[in-house]
Protein chains: 2
Amino acid sequence: MFLPRIARHISTSHVSPKVLLPPNGLNPTLQSMDYAVRGALVQRADHLSRQLRDPSQTSSLPFSRIVYCNIGNPQSVGQPPLTFVRQIISAFAYPNLLSSSHLPPDVVSRVRTFLDASHGAGAYTESPGLPLLRERVASAITDRDRVASHPENIFLTSGASEAVKTLLSIIVRGPQDGVMIPIPQYPLYSATITALGGVQVQYFLDEDDNWSLSVDQLNQSIEAARANGVSVRALVVINPGNPTGQVLSRKNIEDVIRFCHQHNLVLLADEVYQSNVYVDHKPFISFKQAVSQLGLDVELASFHSVSKGIMGECGLRAGYVELHNIDRRASDLVYKVLSVGLCSNAIGQVAIDTMMNPPRPDEPSYDLYRSEFDGIFGSLKRKSILLCNAFNTFEGVTCNPSEGAMYLFPNIALPQKAIREALSRGMPSADVLYCLELLEETGICVVPGSGFGQREGTLHFRTTFLPPEDQIEQVAEQMRAFHHKFLNKFS
Amino acid sequence: MFLPRIARHISTSHVSPKVLLPPNGLNPTLQSMDYAVRGALVQRADHLSRQLRDPSQTSSLPFSRIVYCNIGNPQSVGQPPLTFVRQIISAFAYPNLLSSSHLPPDVVSRVRTFLDASHGAGAYTESPGLPLLRERVASAITDRDRVASHPENIFLTSGASEAVKTLLSIIVRGPQDGVMIPIPQYPLYSATITALGGVQVQYFLDEDDNWSLSVDQLNQSIEAARANGVSVRALVVINPGNPTGQVLSRKNIEDVIRFCHQHNLVLLADEVYQSNVYVDHKPFISFKQAVSQLGLDVELASFHSVSKGIMGECGLRAGYVELHNIDRRASDLVYKVLSVGLCSNAIGQVAIDTMMNPPRPDEPSYDLYRSEFDGIFGSLKRKSILLCNAFNTFEGVTCNPSEGAMYLFPNIALPQKAIREALSRGMPSADVLYCLELLEETGICVVPGSGFGQREGTLHFRTTFLPPEDQIEQVAEQMRAFHHKFLNKFS
């Protein structure tokens with residue numbers, strides 16, 4: 001519609017060579033970086049999704065919509081936001097609502113407190129976040145752990161991802177530096193280490209023991225890396241696990257801490273799923289508390305986020321890192337790196353407060369909050385069990401239960417013919433073929449295990465269990481039908 | 001108050017050496033990075049500000065508050081947000097408002113459109129932003145330039161800063177790669193190039209000709225860099241200028257484009273102040289339009305932001321980059337890099353739409369929007385003139401007018417004694433001493449010229465002209481009194 005007004009110009013005959021062309025014209029480390037959670041398979045899903053929405057195409061696809069199980073993005077598949085969170089952030093963004101609307105008095109008074117302590121949603125905050133919010137986060141962590149937390153160690157960031165990237169950027173100094181990561185792992189870690197030009201030092205989780213973490217494995221891994229001349233500087237642990245869903249036992253947590261202490265490693269604890277624990281016998285224990293209780297001076301960074309938990313506010317892009325036992329000069333460097341991005345968004349910062357300091361039982365917002373929270377939590381727990389049980393009835397599939405987080409990571413034994421087919425099509429692993437065919441046949445989008453790392457010779461995929469409860473059984477049945485068809489096709 | 005419940009543990013006697021200690025234990029390039037806009041002086045200002053707010057300290061400071069002129073953060077110094085913007089984002093965040101409140105019908109229908117085309121404020125969007133919003137941004141750019149803009153070339157980011165960092169990260173491949181930056185410049189560029197381990201190739205703006213940009217300077221600069229073995233790959237231009245406030249003429253813009261074409265440079269055009277142009281004889285001309293009209297295939301990235309302009313919504317952290325003449329494989333790499341951070345915040349993405357597509361004259365929100373917009377714009381223009389005129393009456397100070405942006409960058413001739421004093425105190429430049437004493441005496445926080453780069457032997461500072469109109473005269477008078485006192489002290 002703008003075409004008639006667009007200037008048209010004839011290009012000069014001289015066409016200069018482009019600067020930004022692969023392979024030599026683009027940063028090689030970024031070219032070699034992989035990020036499966038949003039990789040080629042997901043882009044294919046987006047393409048199919050557009051095809052389904054396009055009225056000009058009479059779709060010949062065998063499904064009517066894409067079911068995105070590739071990413072922990074609860075609200076994209078129908079999980080409602082918590083009313084309290086949205087009341088707080090909308091009134092913070094538009095303070096006129098405080099007088100004109102029907103907001104609960106605790107919402108009104110909390111928002112007034114935030115407005116008084118800030119310049120509102122539209123001003124840059126201090127680089128590590130609004131001082132009042134850092135204080136309130138620290139105070140909530142102190143309550144959680146019964147160990148003092150200090151506001152100057154809290155940095156509010158654009159999701160936990162920004163915090164992770166920032167910490168890794170100060171740790172990895174050059175190509176000799178290694179960071180230990182679990183396998184399987186969340187590919188933010190592998191991608192960032194690759195982008196920084198460092199070395200991924202992999203340690204394997206034990207699938208046969210519900211993805212537990214053994215000190216033997218850690219020792220093997222660090223010894224091998226050091227023998228190769230790698231300077232191992234830090235260890236990443238994800239608890240509850242992503243993509244694996246396990247919750248670490250206290251013993252496992254203490255093992256990791258002692259290992260870091262013994263080997264002088266910075267401990268990076270991804271604890272963004274701390275509210276997503278579905279088993280009673282393994283409560284979430286923070287690494288901060290465990291480090292303190294062991295009395296060890298391990299340098300620790302603990303990450304948390306509003307994207308997960310029960311809020312599931314991925315779109316707000318808000319998270320934080322707490323530093324512990326970290327030298328002031330190192331935390332000053334974190335501050336400086338964050339300051340180049342100025343600050344995280346102020347609305348997201350306020351959302352972090354609603355996560356850390358939910359309504360108290362004596363506050364007007366409590367009852368609704370409680371009922372919404374419990375509803376979502378109960379549903380997540382039921383869905384995780386339902387889907388896991390279903391997988392365990394599929395031929396050649398075994399799946400550890402999801403004790404926490406939002407994912408299942410079933411092990412899939414595929415026929416040799418499928419493995420050869422994937423190889424002949426240049427795929428890195430046969431689970432890519434499996435996931436691609438699943439997408440094309442059912443519209444269900446999951447991520448191949450090879451995107452997270454897995455033991456040689458094993459195949460997996462990661463799926464969320466986030467689709468609504470009234471659809472999850474159908475998802476399981478569609479996957480079952482596909483699975484058997486796939487086995488038949490390649491048997 | 002939490003202390004009685006806090007566990008106390010006795011540390012073991014073994015204290016391991018810390019990993020994260022300067023100078024060798026932290027990433028050296030990040031340690032060497034400077035970012036003056038939020039540097040040591042600003043941290044001193046924050047310290048003083050806390051001192052002023054602390055009721056337990058009877059403050060002996062000679063001022064009652066800090067006037068933050070160090071950063072273009074309009075709402076932190078009292079600029080109100082535009083009502084239209086806040087109505088849109090609050091209703092997007094809390095859709096209950098659509099039925100219960102008194103929002104104008106155009107706000108309601110626009111928010112409904114956004115909700116229909118997304119999963120709301122709480123879901124990750126596609127990595128480069130919501131498809132509908134990318135389409136609407138492209139359409140608005142097409143209208144602005146009369147040159148076709150395509151949604152697939154638009155990437156919505158966490159402020160323009162994230163977009164700048166992403167583009168530089170794909171351009172700088174290693175220590176041999178250089179990027180041309182103006183001097184003076186906004187330190188995001190120097191800091192990011194340093195962090196990436198590349199080379200800053202400086203070209204000087206001509207202060208005597210109102211900070212214009214000469215091809216001779218560009219040629220000198222690139223020749224010197226190439227003679228030193230630097231592979232010069234890109235050129236940054238900031239229009240309107242930051243910290244310098246000039247608006248480039250069409251001839252200057254075309255000169256830059258031809259220079260990039262001749263030397264095969266990617267052109268990075270920082271155009272975040274495109275709505276902040278206060279002179280009639282030099283309208284803003286986008287590099288996108290000029291590149292198209294010249295018919296040259298220069299690779300271009302143009303940056304824009306909701307933080308500046310008349311909205312001044314810094315806290316929302318939203319911006320975009322438009323790529324033009326850039327190979328699909330390079331833009332795919334931009335996509336991949338952004339995907340590791342998942343996406344920018346959805347509320348900020350919606351705010352970008354309000355900037356690019358403000359209410360039309362036939363819409364109910366128009367009149368209020370127009371009056372708020374014009375009020376802020378007129379005030380900015382008057383304040384820039386008032387403060388600039390004041391500076392030009394100070395002894396030894398000359399200041400180019402601010403044709404655009406939010407800054408003045410006066411040239412200050414300081415006595416030799418002050419220069420020696422700064423040197424003896426280890427300061428990089430005497431303007432640091434000047435700005436520090438200004439802060440300590442008046443509470444006014446500005447940034448030394450050395451933080452932006454300046455010609456050897458010259459001294460400057462950058463100040464915003466953002467404080468409210470009823471205070472700006474007082475600010476000018478305080479600065480005048482300080483200036484003369486400073487000159488006397490060191491004469």
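Visitor: How many salt bridges are there between chain B and chain A?

Guide: A salt bridge is a side-chain nitrogen of Lys or Arg within 4 Å of a carboxyl oxygen of Asp or Glu. Between chain B and chain A the count is 0. Please keep in mind that this is a predicted model, where local features need pLDDT of at least 70, side-chain atom pairs count only at pLDDT 80 or more, and totals for chains, interfaces and linings use all residues. Residues are numbered from 1 along each chain as its sequence is written, chains are lettered from A and ligands numbered from 1 in the order in which they are written, and side-chain values use heavy atoms, leaving out hydrogens and water.

Visitor: Which kinds of residue make up the side of chain B that touches chain A?

Guide: We sort Ala, Val, Leu, Ile, Met, Phe, Trp, Tyr, Cys and Pro as nonpolar, Asp, Glu, Lys and Arg as charged, and the others, Gly among them, as polar. Here that side of chain B holds 48 nonpolar, 41 polar and 19 charged residues.

Visitor: How many residues of chain B are in contact with chain A?

Guide: Contact means heavy atoms within 4.5 Å. By that rule, 108 residues of chain B touch 108 residues of chain A. The copies meet through the same surface, because 100% of the interface residues of chain B are also interface residues in chain A.

Visitor: What rotation superposes chain B on chain A?

Guide: Two copies of a chain are related by a rotation about an axis and a shift along it. Superposing by least squares on the C-alpha atoms of residues with pLDDT of at least 70 in both, we get 180° with 0.0 Å of shift along the axis, at RMSD 0.0 Å. The two copies are thus related as by a two-fold rotation axis. Within chain B, the C-alpha of B:Ser90 comes closest to that axis, at 2.2 Å.
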